Amino acid sequence: MNNEGSLDDFTVLQAQQQTKGRGQMGTTWQSEPSKNLTISVLKHCSNLGMDAQFFISMVTALAVSETLKKLNMPKIKIKWPNDILSDSLKISGILIENIIKNNELKSAVIGVGINVNQKFFNDLPNASSILKTTGVINDLDEVLNTFVITLQHYFKRLENNELGALKSQYEHQLFRIHKPSTFVLQNGEKLTGYINGVNRQGHLEVLTEDAIIKTYKMKEISLLY
């Protein structure tokens with residue numbers, strides 16, 4: 001998207017079918033044609049600054065979470081860093097590519113996949129959809145409209161510098177926060193501890209059994225559940 005500067009803020013590109021969906025660290029996104037919402041949203045970010053990069057991910061996760069709650073999805077949680085769960089099953093994934101020029105944050109391409117009307121997920125026991133959970137078929141355009149309006153609301157809060165409130169709201173919804181959990185480190189070693197929150201760079205804070213808070217970047221740790 002080299003011409004992102006010529007596109008309007010919150011321009012949406014929607015795919016009816018995604019054959020090579022991708023997530024963080026090489027994971028794939030499985031989507032049946034015309035059953036799910038698979039979109040990219042362009043957001044101009046020149047007024048935010050480089051230190052706001054994780055807050056873009058944060059407000060996107062909050063917007064997806066609120067959209068799902070409006071559709072009567074139960075027990076919505078944010079699994080750090082980029083998955084949205086309903087009762088421990090994955091409903092949505094987020095992938096954000098920030099566009100930086102001359103060491104300045106210019107814009108972000110916000111990729112979001114939401115499982116809406118898909119019933120079957122081959123070899124993905126931890127995946128589900130709005131239809132499978134609620135029994136209700138939803139119009140994709142209506143889900144999209146609800147999400148974009150909600151995303152605009154959260155970006156307005158970000159632009160109003162409500163950083164502390166947004167971070168607290170995000171952490172409150174973190175999957176397994178303050179619960180004993182097992183993690184796998186990059187070297188394969190297992191770690192037992194508690195998710196304590198995230199820092200403003202988006203690194204996960206884990207309270208270890210030794211009562212020490214350690215921080216981990218995205219590729220350095222994964223949660224077993």
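Contact here means heavy atoms within 4.5 Å, and helices (H or I, at least four residues) and strands (E, at least two) are DSSP runs that are numbered from the N terminus. The model is a predicted one, in which local features need pLDDT of at least 70 and side-chain atom pairs count only at pLDDT 80 or more, while totals for chains, interfaces and linings use all residues. Residues are numbered from 1 along each chain as its sequence is written, and side-chain values use heavy atoms, with hydrogens and water left out.

Two packed helices are described by the angle between their axes and the distance between the axes. Helix H1 (residues 53-70) and helix H3 (residues 140-159) have axes that come within 8 Å and cross at roughly 140°, where axes are lines fitted to C-alpha atoms, for helices over the stretch in contact, and angles run from 0 to 180 degrees between N-to-C directions. Angles under 35 degrees count as roughly parallel, over 145 as roughly antiparallel, 65 to 115 as roughly perpendicular and the rest as oblique, and H1 and H3 are therefore oblique to each other. On the H1 side the residues in contact include Phe55, Ile56 and Val59, and on the H3 side they include Val143, Phe147 and Leu151. By class, this contact has 12 nonpolar, 4 polar and 2 charged residues, with Ala, Val, Leu, Ile, Met, Phe, Trp, Tyr, Cys and Pro counted as nonpolar, Asp, Glu, Lys and Arg as charged, and the others, Gly among them, as polar.

Turning to the strands, two of them pair if DSSP finds at least two bridges between them. Strand S9 (residues 180-185) runs antiparallel to strand S10 (residues 190-198), joined to it by 5 bridges, and Phe183 stands opposite Leu191 in S10. S9 and S10 form a hairpin with 4 residues between them, and Gly188 in the turn has a positive phi of about 95°. S10 also pairs with strand S11 (residues 204-208) in the antiparallel sense, over 5 bridges, and Val198 stands opposite Leu204 in S11.

Most residues other than glycine have a negative phi, and most peptide bonds are trans. Ser88, however, is not a glycine and has a positive phi of about 75°; Ser88 lies in the loop between S6 and strand S7 (89-101). A cis peptide bond, with omega about 5°, joins Trp80 and Pro81, and Pro81 is found in the loop between strand S5 (76-79) and strand S6 (83-86).
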